[in-house]
Amino acid sequence: MAYNGWAIDEYLDADEVNRQLEVLKRGPVYGVKPEALESYVKDYFETKCRGSKELTEEAKNYIPGGVQHNLAFNYPFPLAMAKAEGAYFYDVDGNRYYDLLQAGGPTVIGSNDPVVRQAVIDLINECGPSTGLFHEYELKLAKKISECVPSVEVFRMLGSGTEADMVAARIARLRTGHKNLLKMGGAYHGWSDQLAYGIRIPGTKGMQSRGIPGYVFRHTDEFFPGDLEDLERKLKRNKLDGGTAAVFIEAIGPESGTRPVTKAFVRGCERLAHQYGALLVCDEVVTGFRIGLGGAQGYFGIDPDLTVFGKVIAGGYPGAGGIGGHRDCMAHLGAGLDSSGKKVKKALCGGTLAATPISCVAGYTTICEIEKRNACETAGRMGDRLTKGLQELIKKHGLPFVAFNQGSVCHLDSVGTMQYAINWKKPWELPTILKETGRRQKEMEHIGAAYMAEGIVTLAGSRLYTSAAYTEEMIDDVLARFDRVFANCGLLD
């Protein structure tokens with residue numbers, strides 16, 4: 001496909017990447033040497049980040065854990081950011097960082113973009129951030145998304161990706177008359193009760209969903225990513241027990257592609273879902289308007305019944321969620337009539353601060369700017385440059401790390417934690433897996449701290465998002481900083 005507006009030049013060899021990750025997982029642990037980590041903590045965090053430490057220490061008295069967002073739990077303590085601009089962050093102590101977190105993915109054109117910011121300011125000056133009534137930008141946003149994503153005939157804005165996944169399940173049950181849900185193991189489809197299942201590591205079932213009664217998962221199951229036989233086996237089983245209402249997928253693989261899948265697998269999911277009377281739900285919370293204007297579904301050539309959006313849908317502003325899809329499916333959120341005029345049941349869906357004027361104007365302006373600037377391709381080229389450079393550095397330093405990317409969604413795996421899976425046919429392996437993943441997770445936190453001390457903000461020390469705000473010179477400077485961290489890494493076992 002060679003770019004042509006997409007973020008991906010040539011799609012990765014998913015089987016080969018998974019083979020490399022499996023080798024990494026089975027091998028000894030490499031990471032930041034203890035003496036180097038101690039130096040980073042003493043010379044950088046304790047010396048140059050005193051303002052952040054004071055703020056986050058006080059915050060522990062008023063905020064659970066001291067921060068409001070899971071991505072902010074960083075070792076040795078969270079950093080307090082004061083400014084975001086393009087490809088950069090600035091903390092309260094004045095330190096500058098390259099932003100490869102990108103707020104978890106939404107800022108495809110860069111943080112705090114001036115064009116989007118001005119559109120938001122103009123709207124606030126005119127009508128304020130929220131009215132509770134219809135605003136023209138609701139229509140503009142919905143129309144723009146429909147023009148970009150062929151499967152989205154109708155779109156509804158919501159407050160988050162979690163809400164959109166919740167509503168997708170309700171629509172699917174009403175549309176198909178079936179009751180069971182199947183999701184890709186390891187994928188994250190929000191934290192609602194029924195979908196907080198098998199998250200991060202395939203096979204975990206409800207282990208990471210504390211506070212949710214086990215009976216809630218009676219009609220939810222996971223299938224192993226990349227395994228169409230497993231998916232069909234569970235579709236067949238469900239056929240004898242209420243049928244499958246929806247198959248949820250992340251098209252590039254679970255957890256934003258940390259365990260990548262093949263194009264054939266993605267297309268097979270669509271085929272099997274429809275063969276067994278289920279809707280295909282494509283979760284594009286990360287990939288929507290990042291892989292391309294047509295989303296990952298456009299790149300892979302699939303036609304999902306429902307698409308879940310988040311993050312970029314509000315351009316980095318609050319209220320970032322939405323669901324779109326085929327008209328007859330989305331009829332369950334409307335006046336109760338499908339395209340033929342037949343009355344259909346309406347799914348429960350609310351949200352006082354969904355589709356606010358501020359979220360709609362920010363989302364609409366951002367998508368228009370992504371299109372004008374060819375931002376998906378630009379960000380993808382930067383992702384390719386970063387990944388290639390990381391692979392060269394890994395080889396230079398003789399490390400077992402694995403670097404790969406799907407356009408501007410980049411991965412730098414140093415310990416292979418996400419490659420683990422739980423096989424319930426071998427329950428005796430569970431204690432060993434939990435111990436090993438916990439140990440490796442700790443080393444991810446340590447290397448993430450080293451990146452931070454060198455001026456690079458990542459997602460959990462293993463995921464890196466590039467944006468159109470990056471230049472080749474910036475990427476080369478980022479690589480020089482990774483070079484310094486890698487020079488301080490070695491065998492820890």
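## Close-up views of a predicted model

**View 1. His 135 and the residues around it.** Setting aside neighbours within four places in sequence, His 135 touches Leu 123, Cys 127 and Pro 357. This is a predicted model, and His 135 lies in the loop between H4 and helix H5 (136-148). Is His 135 buried or exposed? Its relative accessible area is 16%, and buried means under 20%, so His 135 counts as buried.

**View 2. Helix H4 against helix H12.** Helix H4 covers residues 114-127 and helix H12 covers residues 357-373. Their axes come within 9 Å and cross at roughly 150°. Angles over 145 degrees count as roughly antiparallel, so H4 is roughly antiparallel to H12. The crossing of the two is right-handed. Sorted by class, the contact has eleven nonpolar, two polar and two charged residues. As you trace the helices, keep in mind that an α-helix has 3.6 residues a turn, so residues three or four places apart point the same way.

**View 3. Helix H7 beside helix H9.** Now look at another pair: helix H7 (residues 228-239) and helix H9 (residues 263-275). How far apart are their axes, and at what angle do the helices pack? The axes are 10 Å apart, and the angle is about 10°. H7 and H9 are therefore roughly parallel to each other. Their crossing is right-handed. H7 contributes Leu 228, Leu 231, Glu 232 and Leu 235 to the contact, while the H9 residues include Phe 265, Gly 268, Cys 269, Arg 271 and Leu 272. By class, this contact has eight nonpolar, two polar and two charged residues.

**View 4. Helix H6 from end to end.** Helix H6 runs over residues 161-176, which gives 16 residues. From first C-alpha to last, H6 reaches 22 Å, close to the 22 Å expected at 1.5 Å a residue. Which residues of H6 are buried? They are Gly 161, Thr 162, Ala 164, Asp 165, Val 167, Ala 168, Ala 169, Ile 171 and Ala 172. After H6 comes Gly 177, with a positive phi near 80°.

Technical notes. Residues are numbered from 1 along each chain as its sequence is written. This is a predicted model: local features need pLDDT of at least 70, side-chain atom pairs count only at pLDDT 80 or more; totals for chains, interfaces and linings use all residues. Side-chain values use heavy atoms; hydrogens and water are left out. Helices (H or I, at least four residues) and strands (E, at least two) are DSSP runs, numbered from the N terminus. The expected span of a helix is 1.5 Å times one less than its number of residues. Buried means under 20% relative accessible area, exposed over 50%, partly exposed in between (1.4 Å probe, protein chains only). Axes are lines fitted to C-alpha atoms, for helices over the stretch in contact, and angles run from 0 to 180 degrees between N-to-C directions. Angles under 35 degrees count as roughly parallel, over 145 as roughly antiparallel, 65 to 115 as roughly perpendicular and the rest as oblique. A crossing is left-handed if the near helix is turned anticlockwise from the far one by less than a right angle, and right-handed if clockwise. Contact means heavy atoms within 4.5 Å. Ala, Val, Leu, Ile, Met, Phe, Trp, Tyr, Cys and Pro count as nonpolar, Asp, Glu, Lys and Arg as charged, and the others, Gly among them, as polar.
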